[in-house]
Structure formats: C-alpha cells, structure tokens
Amino acid sequence: VRAEIESDKNITLVNQEATQAVNAYLASSEFTQYGSGYTVRFAGESENIMDAVSDLIIAALVAILLVYMVMAIQFQSLIHPLIILGTVPLAFTGGMLALLVTNNHLSIVSIMGLIILIGIIVNNGIVLIDFINKLREQGLTIKEAIIEAGETRLRPILMTALTTILALVMMAFGVGEGAELLQPMAITAIGG
C-alpha cells in the first residue's frame, strides 16, 4: 500500500496513528479469519526517519562520552565531569518545553539542537567548576567556593548563553530563506 500525507501533517504523528490502526486491525477477529503468516512493515520516509533518529541518539551518546573523557582528563577527576553532565538533562528539559510551548514536534532537526546543547551546557559547567577548583586551592571551603564562583562566573555564563540565544533568535522566528527547516533546532537550543 502506498500513500502520501497532506503537506501540513507531521509524518511521525501520521505513522503513529497508522501503526495504531494497523495493530488494532491485526488484533481484531476480522483479521484472524484470514489466517496467519502476514507481516506489516512501515517503509519509505518513515523508515528513513527512524533510522536517522537512532543514528542521532547514538551520536548524542558518543558526544556525551567524548565530552566526559575530555573533562576527566582536564579536571583529573572522574567526579567533576559527572557534576557538569548532571546539568544536561535540565537543558534537555528546557529544550523540550520550548518545543511544547511553540507547538513543534521532536524531529531530526530538534534532536540536532539537543546535541548542540550538550556542548553549550558543558562549556558553562566547565567555566564554573574550574573556578570553584581554583578557589578551593586558595583555601576556601566548598560552600564558600561555590558561592564565590557562582557570583563571579554568573555574568560570563549568562553572556555565553545570551550570545547563543541572540544568534539563533532570527532562525527561531523562521525569518529568512529556508529558516523554517532549521527552526526546531534553534527553538530547542534557545529553550535549553
């Protein structure tokens, strides 16, 4: 069976609805009268999208692993990188909420925005943790070092985040030729 979807529909959502309908039919008594031996497989663009999504998830996991290894070498610690990577789910939550608020769906392009967030969040975390470590070497307690580093490094971290947001804001609004293709990536990155 071949079919096309309307241009304003999301292929992933249409695929989910079709899968539910086919599964309901396969479970019905109407289908069982024809016997067994039939298989149902969704192919074409839907299959390509699912392959691309699984590849991007692997890319994100590899990115997190590589970032962890680089930070472990930089900090000469296995704990400090985990603290920084602990902020990645928070960024992903912000990116997903931004997609929800703007009525966009999770897509290949928005997953690329989540991968971009890994780099941004880790950069901000490194700035903070590195300064905390320097303050600890100067003799401050952990609480004093965290408070001092938070006050001192808040402005550079906000400036980094603001430059990223300002660079992506026009793309997030879909201004410019072809911007609507990358709009979910910009929305995800800004939200995160």
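Helices (H or I, at least four residues) and strands (E, at least two) are DSSP runs, numbered from the N terminus.

**Entry 1: ground rules.** I noted that this is a predicted model, in which local features need pLDDT of at least 70 and side-chain atom pairs count only at pLDDT 80 or more, while totals for chains, interfaces and linings use all residues. Residues are numbered from 1 along each chain as its sequence is written, and side-chain values use heavy atoms, with hydrogens and water left out.

**Entry 2: helix H3.** I looked up the end of H3 and found that Gln 76, just after this helix, takes a positive phi of about 55°. Gln 76 is not a glycine. I placed Gln 76 in the loop between H3 and H4. Is Gln 76 buried or exposed? Buried means under 20% relative accessible area, exposed over 50%, and partly exposed in between (1.4 Å probe, protein chains only). Gln 76 has a relative accessible area of 74%, so it counts as exposed.

I then took H3 as a whole. H3 has 31 residues, and from its first C-alpha to its last it reaches 44 Å, close to the 45 Å expected at 1.5 Å a residue. The expected span is 1.5 Å times one less than the number of residues in the helix. I listed its buried residues as Ser 46, Ile 49, Val 53, Leu 56, Ala 60, Tyr 68, Met 71, Ala 72 and Phe 75. An α-helix has 3.6 residues a turn, so residues three or four places apart point the same way. The buried residues of H3 pack against H1, H4 and H6.

**Entry 3: the cores.** I looked for nonpolar cores, that is, sets of buried Ala, Val, Leu, Ile, Met, Phe, Trp, Tyr and Cys residues joined through side-chain atoms within 4.5 Å. The largest one has 20 residues, and Met 71, Phe 75, Ile 84, Leu 85, Val 122 and Ile 126 have the most contacts inside it. Helices H3 (45–75), H4 (80–85), H5 (88–101), H6 (108–137) and H7 (142–172) each give two or more residues to this core. Which helix gives the largest share of this core? I found that H6 does, with 10 residues.

A second, separate core has 7 residues, including Leu 99, Ala 172, Ile 187 and Ala 189. In soluble globular proteins, nonpolar side chains tend to be buried together.

Leaving aside neighbours within four places in sequence, Leu 85 is in contact with Ile 64, Val 67, Tyr 68, Met 71 and Val 122.

**Entry 4: Asn 133.** I found Asn 133 in helix H6. Asn 133 counts as buried because its relative accessibility is 19%. Beyond its neighbours within four places in sequence, Asn 133 is in contact with Phe 75 and His 80.

**Entry 5: helix H8.** I looked up two residues here. Thr 188 lies in H8 (residues 179–191) and counts as buried, at 0% relative accessibility. What does Thr 188 touch, not counting residues up to four places away in sequence? I listed Gly 95, Leu 99, Ser 110, Gly 113, Leu 114 and Leu 117.

Ile 187 is also found in H8, and with a relative accessible area of 7% it is buried. Not counting residues up to four places away in sequence, Ile 187 touches Ala 98, Leu 99, Thr 102, Asn 104 and Ala 172. Ile 187 and Gly 113 are 74 residues apart in sequence, yet 7.9 Å apart in space, C-alpha to C-alpha.

Entry 6: I placed Met 96 in H5, where its 37% relative accessibility makes it partly exposed. Met 96 touches Leu 106 and Leu 114, not counting residues up to four places away in sequence. Asn 103 is found in the loop between H5 and H6. Asn 103 has a positive phi of about 60° although it is not a glycine, and at 64% relative accessibility it counts as exposed.

**Entry 7: a cavity.** On a 1 Å grid over the protein atoms alone, a cavity is a set of points where a 1.4 Å probe fits but cannot get out, and lining residues have an atom within 4 Å of a point. My search of the whole structure found 1 cavity of 30 Å³ or more. The largest cavity has a volume of about 40 Å³, a volume being the space filled by probe spheres set on the grid points, which are joined across faces, edges and corners. Its lining is Ile 11, Thr 12, Asn 15, Ser 46, Ile 49 and Met 50. Helix H1 (11–27) and H3 each give two or more residues to this lining.

Technical notes. Contact means heavy atoms within 4.5 Å. On a 1 Å grid over the protein atoms alone, a cavity is a set of points where a 1.4 Å probe fits but cannot get out, and a pocket is an open set with protein on both sides within 12 Å along at least five of seven lines; lining residues have an atom within 4 Å of a point.
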